[in-house]
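Dear colleague,

Please find below the structure that I am handing over to you. My findings follow directly after it.

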Amino acid sequence: QVQLVESGGGLVQPGGSLRLSCAASGNMFRIWAMGWYRRAPGKQRELVATITSGGRTNHADPVKGRFTISRDNAKNTVYLQMNSLIPEDTDVYYCNADASSSGRRGDYWGQGTQVTVSS
């Protein structure tokens, strides 16, 4: 199994910044792409950004120019730097990894971290 643990969520005023982190751990694991998704109650899950093991990134249109995904392969950690936050960014943010553990490849998810943008 691969475990993903997110941190860094919280309450921030419009125009503010937050940095989310997601650390992966497990038994004899390997990680390919990692990403961030978000979902508010009653809404469908939405892609925020992804990054390959080689560092190629993709950001969804609503966050382009404001959010930046990055990763530290040595630490098995992916980050999401969120700037110029707006109330519409309020959501639960989930970390995702395409990873394998003990020879089993699959899609792994973190428990989610709440981001609230409000004055």
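Buried residues account for 42% of the 119 residues in the chain; please note that the model is a predicted one. The chain exposes about 6,300 Å², and carbon and sulfur atoms supply 46% of that area. For 119 residues, a compact globule would have a radius of gyration near 14 Å, and the value for the chain, 14 Å, agrees with this. The C-alpha trace spans about 45 × 25 × 20 Å along its principal axes. Of the contacts between residues at least 6 apart in sequence, 54% join residues at least 24 apart.

As regards secondary structure, the chain has 11 strands and 0 helices. Read from the N terminus, the elements therefore run β-β-β-β-β-β-β-β-β-β-β.

Four of the strands form an open sheet in the order 1-3-8-7, with antiparallel pairing. Strand 1 (2-7) and strand 7 (67-72) stand at its edges; each has a single partner strand, so one side of each is left without a neighbour in the sheet. On average, neighbouring strands of this sheet are turned by 15° against each other, direction ignored. Within the sheet, strand 3 (residues 18-26) pairs with strand 8 (residues 77-82) in the antiparallel sense over 6 bridges. In general, strands of a sheet pair through backbone hydrogen bonds, either parallel or antiparallel.

The structure holds 1 disulfide. This disulfide joins C22 to C95, with an S to S distance of 2.1 Å. The torsion about the S-S bond of C22 and C95 is about -80°, so the disulfide is left-handed. The pair links distant parts of the chain, since C22 lies in strand 3 and C95 in strand 9, 73 residues apart. Both C22 and C95 are buried.

Strand 9 (residues 91-101) also contains D91. Is this residue, D91, buried or exposed? With a relative accessible area of 3%, D91 is buried, because the cut-off for a buried residue is under 20%. Leaving aside residues up to four places away in sequence, D91 touches R38, R39, A40, T113, Q114 and V115.

Yours sincerely

Methods: Residues are numbered from 1 along each chain as its sequence is written. This is a predicted model: local features need pLDDT of at least 70, side-chain atom pairs count only at pLDDT 80 or more; totals for chains, interfaces and linings use all residues. Side-chain values use heavy atoms; hydrogens and water are left out. Two strands pair if DSSP finds at least two bridges between them. Helices (H or I, at least four residues) and strands (E, at least two) are DSSP runs, numbered from the N terminus. Axes are lines fitted to C-alpha atoms, for helices over the stretch in contact, and angles run from 0 to 180 degrees between N-to-C directions. Buried means under 20% relative accessible area, exposed over 50%, partly exposed in between (1.4 Å probe, protein chains only). Contact means heavy atoms within 4.5 Å. A disulfide is a pair of cysteine sulfur atoms within 2.5 Å. The radius of gyration is taken over C-alpha atoms; the globule rule is 2.2 Å times the number of residues to the power 0.38. Accessible areas come from the Shrake-Rupley method with a 1.4 Å probe; for residues, only the protein chains shown count as cover.
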